[in-house]
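Visitor: I would like to learn how to read the main features of a chain like this one. Please show it to me and start with the secondary structure.

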Amino acid sequence: QVQLVESGGGLVQPGGSLRLSCAVGKITLSFYDMGWYRQAPGKQRELVATIKRDGTPQYSDFVKGRFTISRDNAKSTVYLQMNSLKPEDAAIYYCNVVGRTVWGQGTQVTVSS
């Protein structure tokens with residue numbers, strides 16, 4: 001069973017930045033496409049960004065130009081650099097293997113002045 005441990009969330013002011021990390025265990029990360037997702041209170045979980053095994057990223061329109069997904073297969077870690085944060089980016093952020101539906105605990109991101 002894959003292990004996913006998200007970290008790096010916190011409270012940030014609008015316009016600020018955060019870098020989320022996802023430590024992936026019990027699988028060989030390089031074999032999998034990975035994604036970052038988020039869920040705000042009262043809303044459904046939504047896809048933020050994905051990164052393919054070959055490193056190709058894709059972004060949802062609402063984060064294009066502000067967020068960057070990356071991976072370090074040697075460290076078995078996936079990252080999400082979030083810049084120019086907006087209040088509407090506040091949510092619990094999760095990483096996961098693309099297509100997998102069992103979720104970790106996520107990391108809370110709060111954007112507020």
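Guide: The chain has 10 strands and 0 helices. Bear in mind that this is a predicted model.

Visitor: How does the radius of gyration of the chain relate to that of a compact globule?

Guide: A compact globule of 113 residues would have a radius of gyration near 13 Å, and the chain agrees because its value is 13 Å. The C-alpha trace spans about 40 × 25 × 20 Å along its principal axes.

Visitor: What share of the residues is buried?

Guide: Buried means under 20% relative accessible area. By that cut-off, 42% of the 113 residues in the chain are buried.

Visitor: Which way do β3 and β8 run, and how many bridges join them?

Guide: Strand β3 (residues 18-25) runs antiparallel to β8, with 6 bridges joining the two. A23 has T77 of β8 as its bridge partner.

Visitor: And in what sense does β7 pair with β8?

Guide: Strand β7, residues 67-72, pairs with β8 in the antiparallel sense, over 6 bridges. Here R71 has V78 of β8 as its bridge partner.

Visitor: What lies between the strands in the hairpin of β7 and β8?

Guide: There are 4 residues between the strands of that hairpin, where S76 takes a positive phi near 50°.

Technical notes:
Residues numbered from 1 in each chain as written. Predicted model: local features only at pLDDT ≥ 70, side-chain atom pairs only at ≥ 80, totals over all residues. Heavy atoms only, no water. Rg over C-alpha atoms; globule rule 2.2 N^0.38 Å. Buried < 20%, exposed > 50% of the residue type's maximum accessible area, 1.4 Å probe, protein only. Pairing = 2+ DSSP bridges.
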